[in-house]
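Good morning, everyone, and thank you for making time for this. Please take a moment with the sequence and the structure on the screen, and then I will go through a few of the helices.

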Amino acid sequence: MKKICLPLLLAFGLFAALPLSFHSATAASHGPATEKQLPKNLENLMDIAPEHQFTLREGSKRIEVELLQWTLNDYGLKTEVDGIFGPQTDRNVRHYQQDKGHVVDGIVGMYTWVAIYAEHQPPPDGTELPTRLKNLMAIAPEHQFTLREGSHRIEVELLQWTLNDYGLKTEVDGIFGPETNRNVRQYQADKGLTVDGIVGVNTWTALYGEQ
């Protein structure tokens with residue numbers, strides 16, 4: 001009788017313990033919890049223009065790292081929000097940069113900050129060219145500024161808005177980065193223009209024709 005009871009008791013004890021073990025494993029799999037809304041103390045950091053933000057890299061320990069980590073986590077790259085730029089944050093920054101077509105160096109400089117900020121901006125709710133950009137078109141295309149990668153002007157916003165409206169998904173941030181360069185080249189190829197990524201009179205003329 002003892003030989004039968006002992007295995008039954010052991011089996012029952014193991015079965016009783018299973019729900020607790022399963023629950024613990026499930027809880028652990030969720031990782032660090034974050035709120036849906038960006039916390040106010042991190043949102044306040046975005047009053048600083050992205051080009052004036054601190055450059056972050058592995059080893060940085062600042063509140064700005066929390067903003068970076070929170071955004072990476074919200075983007076879908078599981079990142080602990082602890083304000084310490086460690087190996088996990090570095091790996092996810094590189095993944096994020098690759099997704100965005102940026103230089104993959106793990107350094108959060110101006111271009112990466114601009115992309116990070118954009119994750120918190122609501123999508124445009126209309127297809128009408130904003131008046132402040134429409135006003136720029138009072139300047140004839142041959143008198144427009146020549147734009148190229150690295151340009152940082154309001155005219156870049158007009159370029160980006162038009163590329164986006166054309167169907168080439170482009171972030172409208174006023175900074176002529178790698179994504180804008182890639183889309184300008186695609187646009188130039190579509191229009192039979194010289195594919196050089198430089199927005200001169202011929203590309204401006206085509207862009208004006210989209211409006």
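This is a predicted model: local features need pLDDT of at least 70, side-chain atom pairs count only at pLDDT 80 or more; totals for chains, interfaces and linings use all residues.

**A chain of helices**

The chain has nine helices and zero strands, so that, read along the sequence, the pattern is simply α-α-α-α-α-α-α-α-α.

Let me begin with helix α4, which runs over residues 87-100. Its 14 residues should span 20 Å at 1.5 Å a residue, and this agrees with its end C-alpha atoms, which are 20 Å apart. Which residues of α4 are buried? They are T89, D90, N92, V93, Y96 and Q97, and because they cover an arc of only 170 degrees around the axis, they sit on the same side of α4. Just after α4 comes G101, which takes a positive phi of about 75 degrees.

Next, please find helix α7, residues 154-166, whose 13 residues reach 19 Å from the first C-alpha to the last, close to the 18 Å expected at 1.5 Å a residue. The buried residues in α7 are E155, V156, E157, L158, L159, Q160, W161, T162 and L163, and what covers them includes α6 (131-134), α8 and α9. This helix, too, is followed by a glycine, G167, whose phi is positive, near 120 degrees.

That brings us to α8 and α9 themselves. Two packed helices are described by the angle between their axes and the distance between the axes. Helix α8 (residues 178-191) and helix α9 (residues 201-208) pack at an angle of about 80 degrees, with their axes 11 Å apart, and α8 and α9 are therefore roughly perpendicular to each other. Where they meet, Y187, Q188 and K191 in α8 are in contact with T203, A206 and L207 in α9.

Key
Residues are numbered from 1 along each chain as its sequence is written. Side-chain values use heavy atoms; hydrogens and water are left out. Helices (H or I, at least four residues) and strands (E, at least two) are DSSP runs, numbered from the N terminus. The expected span of a helix is 1.5 Å times one less than its number of residues. Buried means under 20% relative accessible area, exposed over 50%, partly exposed in between (1.4 Å probe, protein chains only). The arc is that of the directions from the helix axis to the C-beta atoms. Axes are lines fitted to C-alpha atoms, for helices over the stretch in contact, and angles run from 0 to 180 degrees between N-to-C directions. Angles under 35 degrees count as roughly parallel, over 145 as roughly antiparallel, 65 to 115 as roughly perpendicular and the rest as oblique. Contact means heavy atoms within 4.5 Å.
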